[in-house]
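Subject: Structure for your files

Hello,

Please find the structure below, followed by notes on what was found in it.

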Amino acid sequence: MIAFWVLAPIMVLAALGILVVRKAVHAALLLAVVMISLAILYLVQDAPFLFAVQIIVYTGAILMLFLFVVMLVGVDASDSLVETIRGQRAMALVVGVLFGVTLALGVAQVSVGAIAGLSEANSDGNVEGLAQLLFKDYVFAFEVTSALLITAAMGAMVLAHRERLTPKPSQADLARRRMRDYAEHGRHPGPLPNPGVFARHNAVDTPALLPDGTPSEASISRVLAARGTVQSAPELADDIEQLYTGEEDEK
Amino acid sequence: MSATPFLVLSAILFTIGCVGVLTRRNAIVVFMCVELMLNASNLALVTFSRVHGNLDGQVAAFFVMVVAAAEVVVGLAIIMTIFRTRRSASVDDASLLKY
């Protein structure tokens, strides 16, 4: 029971965190906390097989899948705070709290009777007991499960597959497109400028400075700009000045 | 070891998942909240398995995990496809059926 009282607050806090964090990556990590805590609660409740399955399938496979998709979808896909239906968020909170209070009170008031415990059912071992059930009473459901998994795998392959509808642009096509862009929009046909390279800070997150002193947007990656980690070059210059005077003082 | 605290925790987690589905706009986070609800029901199944003294509840929880895995695979593939065509993973943007 100690494990429960230690883990339950952590799980509830992590789950509430999923509701409020802005970035999908943070939500995935908080979900991992909830799932590992759940696995330990399964172990406490005499379900060692489900403990292993929970860790392998949920934290191992499903959360990795979530993280892969977050990586592919991009870092700038964070939640918008604009409500399309006015008052929907507040209403959802009210309804949710009412639902939760009703559910929790109802569950808490029901007497589940004497707890039989699993020591008898687990006498031959938990895995053996589950296998007895799975391959005797539930064997049809188990077979249907295999069909479901194959269908899901095929579905994912069909959805992820992309047919090429247009021919692949060759190098000559790309060159022609660059020149057309230059003629029509005045876009520079050469390569993009390098990110800023300074004596102290040689990194891709520092924009290059144009001759008039303004930072060049084209010199940094779009993803870094979306993530908001781009350094401002003039600030860096101030920093260098500060360091320089600081050294002077020490001398 | 009483069963009621486990059931109440399961109810709380289910509610949090439910509110998450209703409030969040990012399709991936909505999907995570669905997973949270499935996990909460699994906890209730395992607890009832202990209360009744047989393993049927654990087998049910196992099947829920299998279905959840299949659902995640297809759901994330759909989110990827939507993102590829609309450049957004927000559930508000995929509203073409409205018109």
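How many residues does the contact take from chain B, and how many from chain A? It takes 61 residues from chain B and 69 residues from chain A, where two residues are in contact if their C-beta atoms, placed from the backbone, lie within 7 Å.

Two notes on conventions come before the rest. Residues are numbered from 1 along each chain as its sequence is written, and chains are lettered from A and ligands numbered from 1 in the order in which they are written. The model is predicted: local features need pLDDT of at least 70, side-chain atom pairs count only at pLDDT 80 or more, and totals for chains, interfaces and linings use all residues.

The two chains

Chain B has three helices and zero strands, in the order α-α-α along the sequence. Helices (H or I, at least four residues) and strands (E, at least two) are DSSP runs, numbered from the N terminus. The radius of gyration of chain B is 17 Å, well over the 13 Å that the globule rule gives for 99 residues, so the chain is more spread out than a compact globule. That radius is taken over C-alpha atoms, and the globule rule is 2.2 Å times the number of residues to the power 0.38. Along the principal axes, the C-alpha atoms of chain B fill a box of roughly 50 × 25 × 20 Å.

Chain A has nine helices and zero strands. Of its 251 residues, 20% count as buried; for chain B the figure is 57% of 99 residues. A residue is buried if 20 or more other C-beta atoms lie within 10 Å of its own, exposed if 12 or fewer, and partly exposed in between, with C-beta atoms placed from the backbone.

Among contacts in chain B between residues at least 6 apart in sequence, 48% join residues at least 24 apart. In chain A, residues 24 or more positions apart account for 47% of the contacts with a separation of 6 or more.

The contact between the chains

To return to the contact, it takes 61 residues from chain B and 69 from chain A. On the chain B side, H1, H2 and helix H3 (56-86) each give two or more residues. H3(B) gives the largest share, 21 residues. By class, the chain B side has 42 nonpolar, 13 polar and six charged residues. Here Ala, Val, Leu, Ile, Met, Phe, Trp, Tyr, Cys and Pro count as nonpolar, Asp, Glu, Lys and Arg as charged, and the others, Gly among them, as polar.

Two helices of chain A that meet H3(B) are described here. H6(A) and H3(B) pack at an angle of about 10°, with their axes 9 Å apart. That makes the pair roughly parallel. Residues making this contact include A:Leu148, A:Leu149 and A:Leu159 of H6(A), and B:Phe63, B:Val66 and B:Met80 of H3(B). The contact has 17 nonpolar, three polar and no charged residues.

The axes of helix H5 (residues 126-136) of chain A and H3(B) come within 10 Å and cross at roughly 70°. H5(A) and H3(B) are therefore roughly perpendicular. A:Leu130, A:Leu133 and A:Leu134 in H5(A) meet B:Asp56, B:Gln58 and B:Val59 in H3(B). These divide into four nonpolar, one polar and one charged.

For both pairs, axes are lines fitted to C-alpha atoms, for helices over the stretch in contact, and angles run from 0 to 180 degrees between N-to-C directions. Angles under 35 degrees count as roughly parallel, over 145 as roughly antiparallel, 65 to 115 as roughly perpendicular and the rest as oblique.

Individual helices and loops

Of the 22 residues of H6(A) (residues 139-160), the number buried is two, so H6(A) lies largely in the open. In H2(B), 21 of the 26 residues are buried, so that helix is largely enclosed by the rest of the structure. H2(B) is followed by B:Gly53, whose phi is positive, near 75°.

B:Arg24 lies in the loop between helix H1 (4-23) and helix H2 (27-52) of chain B. B:Arg24 counts as buried because it has 25 C-beta neighbours inside 10 Å.

A:Asp46 lies in the loop between helix H2 (24-44) and helix H3 (48-73) of chain A. Its phi is near 60°, a positive value in a residue other than glycine. With 20 C-beta neighbours inside 10 Å, A:Asp46 also counts as buried.

Regards

Terms used
The expected span of a helix is 1.5 Å times one less than its number of residues.
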